[in-house]
Amino acid sequence: MSEPLRAKHPEVGVPVELAQLEFTFDGEPLHALPGQSIGGALIMAGRRSWRRTRISNRPRGLFCGIGVCFDCLVNINGRPNQRACAIQTEPGDVVTTQEGSGGYDS
Ligand code: FES
């Protein structure tokens with residue numbers, strides 16, 4: 001049986017010292033790597049969900065991770081329904097949990 005990759009290479013993992021870009025999520029300061037998506041930065045920070053579904057109020061986060069499924073919708077700088085997996089984190093971004101449709105209920 002092979003040894004786990006992390007045991008062989010303890011340096012493998014989140015390069016926290018490189019995550020210099022600061023943004024907030026629900027008021028909490030977090031860090032991202034340059035060029036990292038908001039979804040990637042949230043996962044790196046240990047978040048697994050940042051949206052609640054409109055009908056059943058169930059948590060959602062990354063699913064496809066490539067901009068197809070729309071499970072990762074989040075509010076970014078006051079704009080709802082932004083795909084966290086497809087938007088690069090910018091310094092000072094204010095990201096908040098999205099509840100339901102993000103205000104687009106008819
Ligand atoms: S995780 Fe599927 S669109 Fe973002």
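This is a predicted model: local features need pLDDT of at least 70, side-chain atom pairs count only at pLDDT 80 or more; totals for chains, interfaces and linings use all residues.
Residues are numbered from 1 along each chain as its sequence is written.

A word on terms. Strands (E, at least two residues) and helices (H or I, at least four) are DSSP runs numbered from the N terminus. Two strands pair if DSSP finds at least two bridges between them.

Back to the hairpin. β1 and β2 are antiparallel, with 5 bridges. There are 2 residues between these strands, and Asp-26 has a positive phi near 50 degrees in this hairpin. β1 has another partner: 2 bridges join it to strand β7, residues 94-96, and this pair runs parallel. Within that pairing, Phe-25 has Val-95 in β7 as its bridge partner.

Val-95 brings me to the core. A nonpolar core here is a set of buried Ala, Val, Leu, Ile, Met, Phe, Trp, Tyr and Cys residues joined through C-beta atoms within 7 Å. Buried means 20 or more other C-beta atoms within 10 Å of the residue's own, exposed means 12 or fewer, and partly exposed is in between, with C-beta atoms placed from the backbone. The largest such core has 16 residues, and those touching the most other members are Ile-38, Ala-41, Leu-42, Cys-72, Val-74, Ala-84 and Val-95. At least two core residues come from each of β1 (21-25), β2 (28-32), α2 (38-44) and β5 (73-76).

What does Cys-72 touch, leaving out residues up to four places away in sequence? Gly-39, Gly-61, Leu-62, Phe-63, Arg-83, Ala-84 and Cys-85. Contact means that the two C-beta atoms, placed from the backbone, lie within 7 Å.

Next, the open sheet. It has 3 strands in the order β4-β3-β8, with mixed pairing. β4 (59-60) and β8 (98-99) are at the edges with a single partner strand each, so one side of each has no neighbour in the sheet. β3, residues 51-52, runs antiparallel to β4 and is joined to it by 2 bridges.

Arg-52 belongs to β3 and stands opposite Pro-59 in β4. Buried or partly exposed? Arg-52 is partly exposed, because 14 other C-beta atoms lie within 10 Å. Its contacts, again without residues up to four places away in sequence, are Asn-57, Arg-58, Pro-59, Glu-99 and Gly-100. From Arg-52 to Leu-73 is 21 residues in sequence and 9.3 Å in space, C-alpha to C-alpha.

Last, backbone angles. Most residues other than glycine have a negative phi. Phe-70, in the loop between β4 and β5, has a positive phi near 70 degrees. Phe-70 is partly exposed, with 14 other C-beta atoms within 10 Å. Asn-81 sits in strand β6, residues 79-83, and has a positive phi near 60 degrees. Asn-81 has 15 C-beta neighbours inside 10 Å and therefore counts as partly exposed.
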